Amino acid sequence: MPNTIVKKKGLIPGRVSEMIISAPEIATKARPGNFVVLRLSPQGERIPLTIADTDPQAGTITIVYMVLGKTTAMLEKLVQGDDILDVCGPLGKPTRLDKVGTVICVGGGTGIAAMHHIAKGHHRVGNRVVAIIGARSKDLLLFEKELASFCDEVLVATDDGSYGHKGFVTEVLAKRLAQDAHVGEVVGVGPVPMMRAVAETTRPFKVRTIVSLNPIMVDGIGMCGACRVTVGGKTRFACVDGPEFDAHSVDFDELMRRLGSFREQEQASYNTYCE
Ligand code: NAD
Ligand code: FES
């Protein structure tokens with residue numbers, strides 16, 4: 001069955017877009033925390049994208065992507081009615097949704113969209129959900145309205161102070177944790193430096209903290225080893241053992257190093273595509 005783009009919306013013009021894609025089987029089976037792997041052409045690379053939302057009745061899934069390289073630039077050229085060659089999923093382990101009372105979900109940049117589905121899952125099991133979302137400036141902030149529709153609180157931070165707290169999401173998180181001794185869990189999704197900072201912020205509070213890792217992936221089913229991460233000193237494959245892991249045990253230095261392994265080739269491929 002073709003994976004047709006049912007709707008496309010530019011969230012941040014030229015930089016971040018949302019696509020609603022027809023994928024009935026994935027929409028029925030996907031749980032918060034799952035992701036899909038897309039391929040746009042037979043020889044093309046495979047890119048993992050977290051599922052931001054699903055609509056099982058309509059048979060659709062929502063993805064949000066930032067135009068970063070050749071494949072996301074190709075994706076950005078597609079319009080409503082076009083088909084995506086492959087959408088493979090749902091992949092990865094779903095979020096563990098325990099009833100813990102209050103859960104703080106922290107999202108940074110495009111990571112907010114991925115965090116949205118996890119936050120919704122916590123809301124559905126009856127947790128009190130506090131969303132802390134951050135972007136460089138107000139115009140780059142995603143999903144505030146969507147989160148406000150079900151979260152108990154939405155707190156905002158912008159690096160430049162154009163909206164909400166001036167500074168990082170972790171500053172808001174630290175303040176919230178100091179005020180509230182009953183937080184059962186913290187979830188962080190966003191750039192790696194943010195996820196590392198979330199882990200260091202919650203460590204002294206001894207709160208269970210989960211991050212959704214975004215290493216390079218190829219097959220997404222545990223065969224290639226590309227998504228290898230070290231958690232608690234053990235090798236894990238983010239596509240099958242994760243992508244969510246205990247933040248306090250992740251080797252973030254290794255993750256950063258491995259994410260940068262093909263930066264030159266990625267840039268060269270993007271430059272050639274743009275010529
Ligand atoms: P960004 O660099 O604009 O950062 C967004 C926010 O994160 C900042 O406003 C700040 O509040 C926080 N942040 C950033 N660095 C921080 C630090 N050192 N300490 C504390 N807080 C910090 O984000 P972007 O350019 O939108 O990039 C989004 C990133 O999220 C991409 O790298 C993408 O790969 C990643 N992402 C991850 C997932 C996932 O599943 N983990 C999903 C989608 C996107
Ligand atoms: Fe290949 Fe995870 S992407 S093992």
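Predicted model: local features only at pLDDT ≥ 70, side-chain atom pairs only at ≥ 80, totals over all residues.
Local features are given where pLDDT is at least 70, side-chain atom pairs count only at pLDDT 80 or more, and totals for chains, interfaces and linings use all residues. Residues are numbered from 1 along each chain as its sequence is written, and side-chain values use heavy atoms, with hydrogens and water left out.

**View 1. Helix H2 meets helix H9.** Here we look at H2 (residues 70-77) and H9 (residues 263-274), whose axes come within 8 Å and cross at roughly 35°. (Helices are DSSP runs of H or I with at least four residues, strands are E runs of at least two, and both are numbered from the N terminus; axes are lines fitted to C-alpha atoms, for helices over the stretch in contact, and angles run from 0 to 180 degrees between N-to-C directions.) On the H2 side you'll find Lys70, Ala73, Met74 and Lys77, which meet Ser269, Tyr270 and Tyr273 of H9; contact means heavy atoms within 4.5 Å. The residues of this contact split into four nonpolar, one polar and two charged. (Ala, Val, Leu, Ile, Met, Phe, Trp, Tyr, Cys and Pro count as nonpolar, Asp, Glu, Lys and Arg as charged, and the others, Gly among them, as polar.)

**View 2. An open sheet built from seven strands.** Follow the strands in the order S11-S10-S9-S8-S12-S13-S16, and note that the pairing is mixed; two strands pair if DSSP finds at least two bridges between them. S11 (165-166) and S16 (244-246) stand at the edges with a single partner strand each, so one side of each has no neighbour in the sheet.

**View 3. S12 beside S13, with helix H6 lying across.** S12 (residues 183-189) and S13 (residues 208-212) pair in the parallel sense over four bridges. Look for Val186, whose bridge partner in S13 is Thr209. H6 (residues 192-202) lies across S8 (102-108), S12 and S13, and runs at about 160° to S12.

**View 4. Two cis peptide bonds.** One joins Gly89 and Pro90, with omega about 0°, and Pro90 sits in strand S7 (residues 86-91). Another joins Gly242 and Pro243, with omega about 15°; Pro243 is in the loop between helix H7 (238-241) and S16.

**View 5. Positive phi at Phe143 and Lys206.** Phe143 has phi near 60° and lies in the loop between S9 (128-135) and helix H4 (144-148). Lys206, with phi near 55°, belongs to the loop between H6 and S13. Phe143 is buried, at 7% relative accessible area, while Lys206 is exposed, at 75%. (Buried means under 20% relative accessible area, exposed over 50%, and partly exposed in between, using a 1.4 Å probe and protein chains only.)

Definitions and conventions
Chains lettered and ligands numbered in written order.
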